[in-house]
Structures are given as C-alpha cells and as structure tokens.
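Colleague: I'd like to learn how to read a fold like this one. Could you walk me through it?

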Amino acid sequence: MEPLAVLNGTVVHGNGLGRTVGMPTANLLPSGGQSLPDGVYASYVHIGSERYTGVTNIGRRPTVDSDDRITIETNIIGFDDDIYGKQIQLDIMYFLRPVRRMESLGMVKRQVDEDRKRAVDLLG
C-alpha cells in the first residue's frame with residue numbers, strides 16, 4: 001500500500017510531556033513544503049536503515065495546548081533511543097481517528113494505547 005503522505009524532517013525537542021506519562025514522542029520539524037493531513041495515523045518510521053511502527057499525531061494538541069500550533073509527533077512502538085537532531089521519515093499509512101480534546105493526560109494515554117494496538121494490527 002502506498003502511504004497517504006510521506007514526511008521528512010529533523011527530530012526536535014518538545015516539552016517532554018509524553019515521556020512523563022510513559023509515551024515518549026519524536027517531534028518532527030518537517031522539511032518545507034510538505035502537506036500535513038490533520039489527524040492520528042498509523043505510520044512507519046524510518047530511522048537510518050531501520051523501520052518501526054508508530055502512531056503519529058498531526059495537528060493541534062487540544063488537551064495540553066491552548067493555542068492553534070500544529071505539531072507532528074510520533075510515538076514509536078518498541079523504541080526509546082535518543083534521536084534528537086536526527087533526520088527521520090514518516091510514512092503516514094492509515095487514518096486512525098481525528099484529533100480531539102480529552103479530559104486528562106490519563107485519558108490521552110489510554111487512547112494512545114488503543115491507537116498503538118490498532119497500528120500494530122494494521123501494520124504488523
């Protein structure tokens with residue numbers, strides 16, 4: 001299957017909030033001119049010659065931010081190395097759900113756990 005979108009960029013520091021609740025994310029600063037499809041997606045993450053499965057959020061973060069800043073952050077399943085400053089590629093494969101506000105970080109974590117299970121089911 002062809003990806004819905006391919007995003008390339010550099011992993012940058014976020015605010016570290018995901019790590020505090022056990023779901024660290026790689027925050028991507030995309031190369032210019034890339035189309036950004038809002039939503040939560042099952043994705044492949046290419047780091048060097050390795051490929052991982054991930055859950056990528058593209059868009060606002062209404063549970064933790066009050067502004068309209070767009071972010072691209074991926075929880076990489078089974079990966080926890082330091083990749084700040086590295087170039088990665090995201091293959092956006094399947095739409096999982098729209099971005100939505102949740103009442104707490106605990107609810108976000110439960111939803112991401114469900115998203116991770118679904119991504120593994122879809123991508124292996």
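Predicted model: local features only at pLDDT ≥ 70, side-chain atom pairs only at ≥ 80, totals over all residues.

Colleague: Okay, strands to begin with. In what order do the six strands close into a barrel?

Modeller: The general idea is that strands of a sheet pair through backbone hydrogen bonds, either parallel or antiparallel. Here the order is β1-β2-β5-β4-β3-β6, with antiparallel pairing, and six strands close the barrel. From one strand to the next, the twist averages 45°.

Colleague: Let me zoom in on β6. How many bridges join β3 to β6?

Modeller: Eight, between residues 39-47 of β3 and residues 87-97 of β6, and the two run antiparallel.

Colleague: Now the helix. Which strands does α2 lie across?

Modeller: Helix α2, residues 105-123, lies across β3, β4, β5 and β6, and its direction is at about 100° to β6.

Colleague: What about charges? How many salt bridges does the structure hold?

Modeller: In general, side chains of opposite charge can pair when their charged atoms come close. This structure holds two salt bridges. In one of them, the side chains of R97 and D115 meet at 2.9 Å, N to O. R97 belongs to strand β6 and D115 to helix α2, so this pair ties together parts 18 residues apart in sequence.

Colleague: Are R97 and D115 buried or exposed?

Modeller: Both are buried. There's also K109 with D113, where the closest N and O atoms are 3.5 Å apart. K109 and D113 are about one helical turn apart, because they sit four residues apart in helix α2. K109 is partly exposed, at a relative accessible area of 26%, and D113 is partly exposed too, at 30%.

Colleague: Last one: which residues make the nonpolar surface patch?

Modeller: M1, L4 and F95 make that patch, which is about 350 Å². L4 sits in the segment before β1. With a relative accessible area of 52%, L4 counts as exposed, because the cut-off for that label is over 50%.

Methods:
Residues numbered from 1 in each chain as written. Heavy atoms only, no water. Pairing = 2+ DSSP bridges. Axes fitted to C-alpha atoms, helices over the stretch in contact; angles between N-to-C directions. Contact = heavy atoms within 4.5 Å. Patch = residues over 30% accessible without salt bridge, like charges linked within 9 Å, V, L, I, M, F, W, Y side chains within 5 Å. Areas by Shrake-Rupley, 256 points an atom, 1.4 Å probe, with all protein chains shown as cover. Salt bridge = Lys/Arg side-chain N within 4 Å of Asp/Glu carboxyl O. Buried < 20%, exposed > 50% of the residue type's maximum accessible area, 1.4 Å probe, protein only.
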